[in-house]
Amino acid sequence: MKKYDVIVIGAGNGGLVAAATAAKRGLSTLLLERHNLPGGAATSFTRGRFEFEPSLHELANYGTPEMPGSVRQLFDWLGLHVKFHEAPGAYRVIKSGPDGFDAVMPTGQEAFINKLEELVPGSRESVTKFFDLGMESLMAFAEFQAKPNNIDWHAIGEKYPHFIHYAKRPYKEVLDELNVPQKAQDIMMAYWCYIGVPGDDFEFAYMGMMLVAYVVMGAYVPTTRSHEISTAILQTLLDNHGDAWFNTEVNRIVVENGKAVGVQIGNETIYGREIIADVIPTTVYGKMMRASDVPERGLKLANARTLGTSGFLVYLGLNKSPEELGIKDYSVFISKTADSSEQFSATKERNKQNDFTIMNCLNLADPGCSPAGTSVLYATKLYFGSSWDDVQPENYAKVKDEIAQQVIDQYESATGVKIRDAVEEIEIATPETFARYLRSPEGEIYGYYGHPWDQMLARTMAINEDDQQMPHLHFCGGSGFLMDGYSSAYQSGFVTANMVAEQLAKQEVTK
Amino acid sequence: MSDLTLQQDLQGLKSLKNERNAAIDAASTRPLPKTFPVNELASKLHPESQFLKIKQVIKHSADERSFVLEPDTEKGTQHLAYFRAGQYISFRLKIGNSYVTRPYAIRSAPADALKDQYIITIKRVKNGFVTSFIFDNWAVGTPVEASAPAGNLYFEPLRDQKNIVGLAGGSGITPFYSLASAIADGTEHVKLTILYGSRQHDHILLAPEFSKILSKTNDVKLINVLSDDDIDGFEHGFITAELIQKYAPKTPYSIFICGPEAMYEFMDKEVKKLNLPAGRIRHELSGNYGSPYHETDYPADSRDKVYQLTVKTRDHEQIISAQSNESILVAMERAGITAPSLCRSGECGVCRSRLISGKVFSPEIIDGRRVADSEYGYIHTCASFPISDVSIEVPVHDLADQFG
Ligand SMILES: Cc1cc2nc3c(=O)[nH]c(=O)nc-3n(C[C@H](O)[C@H](O)[C@H](O)COP(=O)(O)OP(=O)(O)OC[C@H]3O[C@@H](n4cnc5c(N)ncnc54)[C@H](O)[C@@H]3O)c2cc1C
Ligand code: FES
């Protein structure tokens, strides 16, 4: 059997881009995926006349042809022809508890600031400062994220001094320092849920950048769900003479003399010069390696970390159009409290306290996503997988139906939109579902939780050490240096494949 | 900003890396867990394979048998997966040179699965390839392999009405038997009215078993509809819109349809006349789709041809022949290729494969593909018929326990 330059384990967002990048750079590449579909969470599923988006809310860092974000640049380089729709507006946030509010936030920096000033008079000055800082973060990121293994921090600091100054400070702390009024902060806190780290733990550099990126560059969704993106990236791999084997489980990473040399599938060993795992290290070191082969730093790092949150999603195919139902927003965040720490704490238990819910109506971004006269809604909640530890097979359906019912009630009462009687199709995904399809430990969907020492900045600074845990073994994906999220996972796949290509080139030279 | 501040800020940033190193240094070197409770739940609900043994064979008539199944603990299945009444399991069989799958509804109650028992009831198909094999070979003690429970023909309280009208034909009665049992034992809280179409009185499946359930609950009603026989106490004719209206409750209801292709298409037309809101009608084909020639958009000049089918799997390639009236999946099965499949009716996507070249016909009623798949050239082999020489890439059917 032939030996590959690169073997990629797992065809999630990170693995797909890593494999396509390696192949496009002329490396012989084999992508191995246990499921029969590419994409991991970036897929789709059909029920009746609906095809649902399982996971993507909004693709960040895409931008326009004139102002392309990093993801658009990457997709252009890979030669993808995926048609995207821009999501209208930024988001709506409804605080349904005491002192509640209902804020519909537009995209565009000026419009966003104006709207906030209207809702929270006196916020303009501080929020404008916030945007300046967030913008600086965005630019700093854009500069170093494609080559994070070789950053001249001093040069970055000279160019973006505020970025460096505020970088590791918690988001909430910086908003306080800027004197952003509490209600404005509440409104600006909603996106914590995309990374699963609450505002008083979340480093400013990243969270500030994220909000500004969405507001300034907009957010995008693909025309035929994430499955289209995944299929297109796979096509780039195939067009560049790469191989992709589906339904193929890697049982073990083969290690010789402390170095990764190949993978075992069934009774066969396939050799590769470099192995990239789009699989969380906890699983690689826990299940896919002999204990004696596991590198100490890798093991300790995995033990030091905390698994990220899992999710609970309700997918609804409705037999009425958004106009008939009165749905006006693409994305609504609903909760009784606007305090992200409280919202976050509640994800550790499976009870009514955990009421933070995001509801998306895909038709608002992409009117053709379901047949005429119908609409698609999907609700997302976060749960740590461990809060589902007590669920047994025989009560599983009941547990998920109960929470789905609460989600529907909550949406109806917060927005006044009645959907219950229009349900034509429903599917519910839980931590169990993610454990099943992604195989992630406890069904995590967000890699590792971002302790302050384990967020984007710290991971970026440690990228070389993390990559050197075991010679010829590399990681990418949602547990990578940019943490979870589509854009981040794509970028991490790209970066890892490039680092691998550099190392292979060096090996050629020394030969 | 002064250079000093920048130096301080850079130091501050670097301290993050020290914090990270400190956290790593302080961490334990204990081995990582191999599994977690949520992953265990997933493997209980959705095992990749279930190894079963036949515990008992019940002969209802010459052509109808029930098989009582239990876990084959020696092969590694300790317990049977729980399911929702109405779901099926897909059996994986090696018959001669062929590796084939066949889905059968679990007709016993979900509660029985907790006691490690499934029952399936099979109607022998005349000259049937698999049913003939099963009737000749399955006896007490025979080991058999099946998938996890699958399928969407179950009661979902957030979608379906609290009254279900079940329209069943032939072996399509089996999922309703399970639902009726689950109602009788209190697992499901719905009312079920079944209109069950058979040709003749002695074709009615599971009649004595149904009487037992009916005596236990008032929430299940069964109306037998005979197309050929005219007998007192039975409806005569077909399951028409009028008949449904005669027996359906006055309150809102959902219709579940399960039957062989011919009946399914007939009932579909009748049900349309009722003008129910979309979503109130759910169906599942119980049986094979058959030949595509009757479809109005079938390209007539492809009829009765034998095409060349090139099948690529990993780094292996094989050329076989494929008849125009059989699905690509069946062509592969005939040739002894182990190709993945589960539902065999276009829906589940397990047989998804990549079309490298050539053309296939995918009948609209069983074309359950994702939109992007149609655009990027992927097919469901069970729902695709060759209309030219075809070359495809098929994933292996790796049945290693995915949670192992
Ligand atoms: C969701 C679902 C639930 C079901 N539940 C039940 C149930 O509870 N009870 C029940 O009785 N039935 C049930 N069925 C139907 C059942 O799955 C089978 O379709 C039925 O038993 C037909 O079996 P058969 O192979 O004998 O028939 P056949 O009609 O012979 O099927 C044969 C197919 O195999 C092909 N074939 C012929 N020779 C070969 C060969 N050498 N190698 C490979 N392929 C060959 C033929 O071309 C044909 O397409 C269910 C079906 C579905 C989809
Ligand atoms: S086997 Fe289910 S779609 Fe083909």
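**Figure 1. A polar contact of 2.7 Å links the side chains of S226(A) and E53(A).** The model shown here and in the other figures is predicted. S226(A) belongs to helix α11 of chain A, which covers residues 225–239. With a relative accessibility of 0%, S226(A) counts as buried, because the cut-off for that class is under 20%. Neighbours within four places in sequence apart, the contacts of S226(A) are A42(A), T43(A), E53(A), L56(A) and Y486(A). E53(A) is therefore both the partner in the polar contact and one of the residues in that contact list, since contact means heavy atoms within 4.5 Å.

**Figure 2. Y271(A) in strand β12 of chain A.** The strand runs over residues 268–277. Y271(A) is partly exposed, and its relative accessible area is 37%. When residues up to four places away in sequence are not counted, Y271(A) touches K2(A), K3(A), Y4(A) and I7(A), as well as E256(A), V261(A) and G262(A).

**Figure 3. E502(A) in helix α21 of chain A.** Helix α21 comprises residues 486–510. E502(A) counts as partly exposed, at 31% relative accessibility. Apart from neighbours within four places in sequence, E502(A) is in contact with K147(A) and N149(A). The C-alpha atoms of E502(A) and K259(A) are 18 Å apart, and the two residues are 243 apart in sequence.

**Figure 4. H472(A), a residue other than glycine with a positive phi.** Phi of H472(A) is near 75 degrees. Most residues other than glycine have a negative phi. H472(A) is located in the loop of chain A that lies between α20 (463–467) and β18 (473–475). The relative accessibility of H472(A) is 23%, and the residue counts as partly exposed.

**Figure 5. L206(B), a residue other than glycine with a positive phi, in chain B.** For L206(B), phi is near 60 degrees. The residue sits in the loop between β8 (191–198) and α6 (207–216) of chain B. L206(B) has a relative accessible area of 2% and is buried.

**Figure 6. G141(B) in a loop of chain B.** The loop is between α4 (129–137) and β6 (143–146). G141(B) is partly exposed, with 37% relative accessible area. Its contacts, leaving aside neighbours within four places in sequence, are K53(B) and I54(B). The C-alpha atom of G141(B) is separated by 72 Å from that of Q11(B), and these residues are 130 apart along the chain.

**Figure 7. Chain A as the setting of the views of S226(A), Y271(A), E502(A) and H472(A).** Chain A contains 21 helices and 18 strands. Its radius of gyration is 22 Å, close to the 24 Å given by the globule rule for 511 residues, so the chain is as compact as a globular protein of that length. The C-alpha trace spans about 65 × 55 × 45 Å along its principal axes. Buried residues account for 68% of the 511 in chain A. Of the contacts in this chain between residues at least 6 apart in sequence, 74% join residues at least 24 apart. Chain A exposes about 16,900 Å², and 49% of this area comes from carbon and sulfur atoms. There are 45 positive and 65 negative side chains, and the centres of these two sets lie 3 Å apart.

**Figure 8. Chain B as the setting of the views of L206(B) and G141(B).** Chain B has 10 helices and 19 strands. Along its principal axes, the C-alpha trace of chain B spans about 100 × 55 × 50 Å. Of the 404 residues in chain B, 56% are buried. Among contacts in chain B that link residues at least 6 apart in sequence, 70% are between residues at least 24 apart. The 45 positive and 50 negative charges of chain B have mean positions 2 Å apart.

Technical notes
Residues numbered from 1 in each chain as written. Chains lettered and ligands numbered in written order. Predicted model: local features only at pLDDT ≥ 70, side-chain atom pairs only at ≥ 80, totals over all residues. Heavy atoms only, no water. Helix = DSSP H or I, 4+ residues; strand = E, 2+ residues; numbered from the N terminus. Rg over C-alpha atoms; globule rule 2.2 N^0.38 Å. Buried < 20%, exposed > 50% of the residue type's maximum accessible area, 1.4 Å probe, protein only. Areas by Shrake-Rupley, 256 points an atom, 1.4 Å probe, with all protein chains shown as cover. Lys, Arg positive; Asp, Glu negative; His and termini not counted. Charge placed at Lys NZ, Arg CZ, Asp CG, Glu CD. Polar contact = N/O pair within 3.5 Å; in protein donor to acceptor, adjacent residues only side chain to side chain.
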